[in-house]
Structure formats: C-alpha cells, structure tokens
Amino acid sequence: MNLPPFNEGELAAQQRWNTRTIWDDARRRRLLWDHIPGEFHARLENAPFFFLATSSPDGRCDCSFKGGGPGLLRILDGRRFVFADFDGNGAFMSLGNILSNPHVGCLFIDFADGSRLRVNGKATIHDAGELLALFPGSTRVVMVDIEQVVPNCPNHVPRLVPLP
C-alpha cells in the first residue's frame with residue numbers, strides 16, 4: 001500500500017510552523033521509507049527492547065515496553081517483521097487494541113549511539129502456525145506489515161550504558 005507521506009494534521013502543523021516547504025521530494029525519499037533497509041535488519045534483530053504504540057477504535061492510545069533481549073524480533077523481509085508476545089499481567093492492552101485496530105507504531109532506540117527508527121504499520125496476532133515456531137516457547141507472536149519507516153536523528157537521546 002502506498003500511503004501519502006503525511007496526514008491532514010501533519011500537513012496543517014507543517015503549514016502552521018513553516019516547515020512544509022522543506023519536505024520536497026528529495027527529503028521525503030531520504031527520510032520517509034516504505035520498508036526497513038537491509039543495513040538495519042541485524043540492528044533490529046539484536047535490539048533488546050522496543051516501544052509499541054497501539055490505539056483503540058475510538059482513539060485511546062496505549063504505549064508499551066516490549067523487552068526480552070536480543071532475538072525478541074525477527075525480520076521476515078524489508079516490509080514485514082514479527083515479534084514474540086510474552087505473558088504479562090493478562091490485561092492484553094496492546095493485543096486487545098490490535099484486535100480492534102491493527103494500526104501500530106514501533107519505536108526502536110539505541111541508547112548507546114542515539115539512533116532511532118520509527119516503524120508504522122498494521123499488525124496481526126498469530127497463536128498458531130509457522131510464525132509461532134520462530135520463537136520456541138512463545139504462545140503468541142505479532143506480525144507487522146510495514147507502511148512507513150522514519151529514521152530519526154540522535155539529538156536529545158541520552159547516552160546510557162547497560163550495567164555489566
């Protein structure tokens with residue numbers, strides 16, 4: 001699916017704060033992607049965590065931490081990835097939202113170098129089949145079909161070093 005690069009609200013904000021003219025075709029090609037480039041695959045598969053944003057059909061948002069260490073996520077190809085869903089408190093806030101509104105946002109941050117990658121798409125939940133086999137011991141996995149990928153600059157990201 002080829003989505004427009006910006007929604008009406010984003011365009012209105014760009015107009016209001018005078019940034020609309022900087023988003024020419026060259027800048028959009030450089031900073032708005034429809035897939036995860038190959039050079040990012042290993043980085044994401046080795047990420048120990050990421051943040052998942054979901055929303056209910058009426059627009060109530062939820063953002064959750066998805067951890068589990070390297071191997072939490074597998075890139076299927078440049079336009080799809082899957083991650084394990086681990087049992088938590090049983091509220092199923094993220095998964096419940098996905099069942100009623102598949103749109104998700106994923107934020108990957110490497111606090112060692114400040115790099116960030118935002119990945120937006122549509123998610124589906126799988127509790128049987130070959131995708132589940134990618135994560136032995138998991139009872140569910142979530143697959144994300146990518147619609148937009150946005151790299152972000154490392155400005156304002158604190159540099160943190162994991163404890164030994």
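Student: Does Asp113 count as buried, exposed or partly exposed?

Tutor: First, a word on the model: it is predicted, with local features needing pLDDT of at least 70 and side-chain atom pairs pLDDT 80 or more, while totals for chains, interfaces and linings use all residues. Residues are numbered from 1 along each chain as its sequence is written, and side-chain values use heavy atoms, leaving out hydrogens and water. Buried means under 20% relative accessible area and exposed over 50%, with partly exposed in between (1.4 Å probe, protein chains only). Asp113 has 33% relative accessibility, so this residue counts as partly exposed.

Student: Which residue forms a salt bridge with Asp113?

Tutor: A salt bridge here is a side-chain nitrogen of Lys or Arg within 4 Å of a carboxyl oxygen of Asp or Glu. For Asp113, the closest N and O atoms of the pair are 2.9 Å apart, and the partner is Arg43.

Student: How many residues apart are Asp113 and Arg43?

Tutor: Helices (H or I, at least four residues) and strands (E, at least two) are DSSP runs, numbered from the N terminus. Asp113 is in the loop between strand 5 and strand 6, whereas Arg43 is in helix 3, and the separation is 70 residues.

Student: Which strands hold Arg140 and Asp85?

Tutor: Their side chains meet in a salt bridge at 3.0 Å, N to O. The pair ties together parts 55 residues apart in sequence, because Arg140 lies in strand 7 and Asp85 in strand 4.
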